[in-house]
Amino acid sequence: MNQPKQEPLVRFEQVTYKHYGKTAPALMDMNLTIQRGSFTLLVGPSGSGKSTLCMLLNGIIPQILGGKLTGTITVDGHDIAKTPVQELAQSAGMLFQDPEWMFATLKVEDEIAFGPENLRRDPKQIIESVEKTLDFVGLQRLRKNLVWALSGGQTQKLGLASVVAMEPPLIILDEPTANLDPATTHSVHQLILKLRDEGKAVLLVTKDLDEFMAEADDMILLAEGRVVAQGAPRDVVAQHGDKMLELGVWLPEPTEIGLRLKADGKFNKPVPITVEEAVDVFADVKFNESKPDEKLVADPEILIHAENVEFTYSNNFKALRGVSFDIKQGEIVAIVGQNGAGKSTLSKLLVGLLKPTAGEMTMFGRSAKRWKVQDLANQIALVFQNPEHQFLCDTVREELAYSLLAQGIDDADVVNKRVEEMLARLDITDTADSHPFSLSAGAKRRLGVATMLIGGSAKLLIVDEPTYGQDRRLTERLIQLINNLRSEGITVLMITHDMRLVDAHIDRAIVMANGEKIFDGSPNMLFQSPELVERASLRTTSLRRLVDGLRARGVSVPEGLNTVDDFIGAMQ
Amino acid sequence: MSEHSLRYIDNDSFFTRIDALSKLIWVILVILTTFQLTSNLSRVVMLAVVVFVMIILARVPLKTIWQAMPIILIMGTLLFFVHLFTAPSTQIINVLGFSVGKEGFDKGLQYFLRITIMVLASFILIWTTDIRDLMVGLVSIGMPYRYAFTVFMALRFLPVVQQEVDAVKAAHAIRGRASSSPIRHRIRLWQRYMFTVIVNGLRKAENTALAIESRGFGAFPDRTFVKEFHWTKTGIILLILFIVFAIWLIFWEKNLPIL
């Protein structure tokens, strides 16, 4: 872009920031600039300071959340420490992870008008900008709807609209699609690109980089509160790719393949940042013949059998319409499908919190109607998306002991021994005496799993969105834990929107759409059917698009390459 | 698809179409009148009027009312029993086969009716009013918009707390019971509900506050409103009718024989 040199929109000069009450700084010696109209990706592992940086840009930090800031940050000519947050709102608009909490009114159109009204804009002008924004995000049809009656994707679009309507030159998006199904994520991504096309500067934090690597002007890599690199995504990946792998930053699969090959000295071309580039780069690669099929357990026991299960909520909403399936011992199964397809309802039925309103469900040989939640809890463990909801005690240690006591194990020695074992196994020993609420997101997740498994009698573990809010390294640890459990004979069922996880680590996918099961089979079969993928609001992984691209070029690629490891392993 | 009993119902009923301020004044009048009343019979009449408004004028679905029942009845029922057992009674009467003190029963019933009328009237306002209209209305009669908005925030957080309690309850149920004594277990669970609900509730409240400030709320002493406030004719007529009724009720009960 050949724009005339002008004062950057954002400038950080020697910025160090400590959160209120913390001794270690969250951000250190930070210098960076963001140009007007540029599209910047902010990446880094969990806890590297991404959200802190975002909140500095609109002055929430330090003005409302306190803490100690040194150095200066200017946004659109304003010093963020001195300009009131409400005034900064005209310079930087931020979309929060869970925009439901940012809504200040009850109706879609009122919500969009809320910000401009606060800025004392002329009502006529506001009405015009509401119209424009409704068109922009495609919510014109829903303008009179109540905000809580919107789906996840619509909620996110409304959040974006209410920021856009204030017309700030900078829009900050902190993981805007973390809770959305893959197809909706894609449509939000399209909106983000449209914003960029309209000349807004966009700062985006996301783990779904696939669609943005080639589009973004800039990438800022953070690690432990410092800027490791800033530059065009291609250059950052080329120069700091190894570091990014090591840090556990999410990268598109084709990029990861390139970087890993490079690290092993097997590759000396530029690292691809899009699927198309990767297809070009790998077009002359020879692959080994297909790898042996994984062995299947002979006739595993059926743990759960569901036949024509229906569930209708008391407001007559029919969440499940005649769903039938089996869950067998030792499988890793994923339930996937769009937001509101019936996945959470199904998981509540499985743990006995809800009972089928029609049809028959048998768990461990006994009808669902005859199971009490507390008894079923000894067989089926559910880890909630927000593990905090499940915590009952004041320390991690007590939390684990509680689960044992709940199963009638009260011999102090036995309890202590098992608690210590579990702490060590999940690598949370050093936080054993901390309050469960004070753990990091990853550790909370692991503690959630630990409290459910320590009893030792669980045969089925259900995890809701295992990769939510976790970087690649934390995810890998969780996957490893899940695989270990499987080798011990425990069945694992995941509810997820993460297509990489589905493709790489599960045996079977149950696909839900509008309360019905529309597919039940291996991920390979699922992703080979474009109609099915579309109907269930899913999306194939970039690895699969790479393989398809290579095949279209006549490269013979064996079946069953579901992970970056598989792909590299199959290369000659 | 969770259901929450304490939110605005967008059903375009007669009562929903009345302007927000008239409805607010109506609620205040109901509460003031109820405190003037001295007999349980007239309180029952008042309750009947409130129920009439709720079911006929506001067309609140029975299901919603049913779901909100525990919240509606809890305070009244508690107060009923407190007075039933603590009020000094000289006369023993038989109620549904139980022997109870007459004064205690009357006093208990008095509090039960008062609280229930007040709670129901307030709920009708919540069910039928887009709180934004209420805010615009309050600002139009001179209230600074920051204060008017706190009313909205308070009401907005009712469903949040409800949602949070539901989620925590479900999560706790599957943890099983770690104490042989059911009472100790209950106490522990309650402590935890409170803790988790408060921690998460505060966190959400903080997020909302942050989000709203970062959208320019409070940037200036005043703000513009796209929608203006208009008094509705039906609202004024309703208020006049209600005032006539309230005066009649107060005089009517003065002439009642002492029960």
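The largest nonpolar core of this predicted model has 86 residues, where a nonpolar core is a set of buried Ala, Val, Leu, Ile, Met, Phe, Trp, Tyr and Cys residues joined through side-chain atoms within 4.5 Å. The term buried denotes under 20% relative accessible area, exposed over 50%, and partly exposed the range in between (1.4 Å probe, protein chains only). The residues with the most contacts inside this core are Phe12(A), Phe39(A), Leu53(A), Leu57(A), Leu170(A), Leu203(A) and Met244(A). Apart from it lies another core, of 69 residues, whose members include Phe311(A), Val323(A), Val463(A) and Ala171(B).

**Basis of the values**

- Residues are numbered from 1 along each chain as its sequence is written, while chains are lettered from A and ligands numbered from 1 in the order in which they are written.
- Because the model is predicted, local features need pLDDT of at least 70 and side-chain atom pairs count only at pLDDT 80 or more, whereas totals for chains, interfaces and linings use all residues; side-chain values use heavy atoms, with hydrogens and water left out.

- In soluble globular proteins, nonpolar side chains tend to be buried together.
- With contact defined as heavy atoms within 4.5 Å, and residues up to four places away in sequence not counted, Phe39(A) touches Ile192(A), Leu193(A), Arg196(A), Val202(A), Leu204(A), Phe212(A), Glu215(A), Ala216(A), Asp217(A) and Asp218(A).

**Domains of chain A**

- Chain A is divided into domain 1 (10-233), domain 2 (296-374 + 459-469 + 484-527) and domain 3 (380-458); such bounds come from an automatic or database domain assignment.
- The centres of domain 2 of chain A and domain 3 of chain A, taken over C-alpha atoms, are separated by 24 Å.
- Between these two domains, 16 residues of domain 2 of chain A are in contact with 13 residues of domain 3 of chain A.
- Domain 2 of chain A and domain 3 of chain A bury about 1400 Å² between them, and carbon and sulfur atoms give 62% of that area; buried area is the accessible area (1.4 Å probe) that two parts lose on being put together, summed over both.
- Lys459(A), Leu461(A) and Asp464(A) supply 29% of the area that domain 2 of chain A buries against domain 3 of chain A, more than any other three residues.
- The rule finds 1 salt bridge across the interface of domain 2 of chain A and domain 3 of chain A, a salt bridge being a side-chain nitrogen of Lys or Arg within 4 Å of a carboxyl oxygen of Asp or Glu.
- Arg425(A) forms a salt bridge with Glu488(A), with 3.1 Å between the closest N and O atoms.
- There are 9 residue pairs in polar contact between domain 2 of chain A and domain 3 of chain A, both residues at pLDDT 80 or more; a polar contact is a pair of N or O atoms within 3.5 Å, and within protein one must be able to donate a hydrogen and the other to accept it, residues adjacent in sequence counting only if both atoms are side-chain atoms.
- Strand 17 (residues 460-464) of chain A, with 5 residues, gives the most to the side of domain 2 of chain A that touches domain 3 of chain A; helices (H or I, at least four residues) and strands (E, at least two) are DSSP runs, numbered from the N terminus.

**Interface of chain A and chain B**

- At this interface, 65 residues of chain A are in contact with 60 residues of chain B.
- The two chains bury about 5900 Å² between them, 58% of it on carbon and sulfur atoms.
- The interface of chain B and chain A holds 9 salt bridges and 18 residue pairs in polar contact, both residues at pLDDT 80 or more.
- Arg215(B) forms a salt bridge with Glu111(A), where the closest N and O atoms are 2.6 Å apart.
- Helix 4 (62-86), helix 6 (131-140), helix 7 (145-173) and helix 8 (182-213) of chain B each supply at least two residues of the side that touches chain A, and helix 8 of chain B gives the most, with 17 residues.

**Architecture of chain B**

- Chain B is divided into domain 1 (1-131 + 228-259) and domain 2 (145-220), with their C-alpha centres 27 Å apart.
- Chain B has 9 helices and 2 strands, in the order α-α-α-α-β-β-α-α-α-α-α from the N terminus on.
- Of the 259 residues of chain B, 48% count as buried.

**Individual residues**

- Arg446(A), found in helix 15 (residues 441-453) of chain A, is buried, with a relative accessible area of 10%.
- Lys169(B), found in helix 7 of chain B, counts as partly exposed at 45% relative accessibility.
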